[in-house]
Amino acid sequence: MELTDAQADLTEILITEEQIRSRIAELARDVERDYAGKDVLLIGVLKGAVMVMADLSRELRIPVTMDWMAVSSYGSGTQSSGVVRILKDLDTDLSGKTVLIVEDIIDSGLTLSWLLSNLKSRGPESIEIFTLLRKPEAARVEIDVKYVGFEIPNKFVVGYGLDFDERYRTLRGVGILAPAVYS
Ligand code: XMP
Ligand code: MG
């Protein structure tokens, strides 16, 4: 699929590449200040958070390490099932670690709330959340999120790591997927 075809499947570009770049840089300054003197373990949630992780980690001017987890709650649809499975666990022992979870999007919050309690039970010193996107209107659980890039409307979005059926992840901005594509 050509990128131009991918773009034609969007009803709207919600956030441009440049807006993402400058917002991540802005939040990186907050993270650096909040974690000065600490070694931070960034935990990326595969696969959607790959782009956020790549850009945030390289923007940060404090020492960080990275680990990855893959969970599944969706299949190929567009609705969270709330049933979470670990597809790939961390390689790292979390005890005593300063952890920052890096997410692409918080929608209902069901996946992250499950993940958070799972990771907390492993004894980290602290654990906080960084997400590029959040849909406030879709929230079904209350989660304390320390860093939010953009609050977006309750529409299915793709690009910058986010997919529909594994497509559109390489779009550089974030756009609303035309409902005709998935209905
Ligand atoms: P919940 O609803 O549990 O969603 O917070 C968690 C995961 O679902 C995916 N997700 C999306 N993926 N466009 C996507 O491409 C969306 O609008 C969207 N909403 C949720 C995503 O993997 C997220 O981590
Ligand atoms: Mg995700």
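Student: How many residues does the largest nonpolar core have, and which have the most contacts inside it?

Tutor: Start with the general idea. In soluble globular proteins, nonpolar side chains tend to be buried together. Now this case, which is a predicted model. The largest nonpolar core has 37 residues. Those with the most contacts inside it are V52, L56, L100, I101, V102 and F130.

Student: Which helices and strands each supply at least two residues of this core?

Tutor: The helices are α2 (17-34), α3 (50-59) and α4 (110-120). The strands are β2 (40-46), β5 (98-106), β6 (126-134), β8 (157-158) and β9 (174-177). The largest share comes from β5, with 6 residues.

Student: What does L100 touch, leaving aside residues up to four places away in sequence?

Tutor: L100 touches V40, L42, E128 and F130.

Student: Which residues of α3 are buried?

Tutor: Look for M51, V52, M53 and L56. Then ask what covers them. The cover includes α2, β2, β3 (64-72), β5 and β6.

Student: Now sheets. What is the strand order in the open sheet of 3 strands?

Tutor: Read the order as β1-β9-β8, with antiparallel pairing. β1 (10-15) and β8 are at the edges. Each has a single partner strand, so one side of each lacks a neighbour in the sheet.

Student: Over how many bridges do β1 and β9 pair?

Tutor: They pair over 4 bridges, in the antiparallel sense. To find one partner, go to L10: its bridge partner in β9 is L177.

Methods: Residues numbered from 1 in each chain as written. Chains lettered and ligands numbered in written order. Predicted model: local features only at pLDDT ≥ 70, side-chain atom pairs only at ≥ 80, totals over all residues. Core = buried A, V, L, I, M, F, W, Y, C linked by C-beta atoms within 7 Å. Buried ≥ 20, exposed ≤ 12 C-beta atoms within 10 Å, placed from the backbone. Contact = placed C-beta atoms within 7 Å. Pairing = 2+ DSSP bridges.
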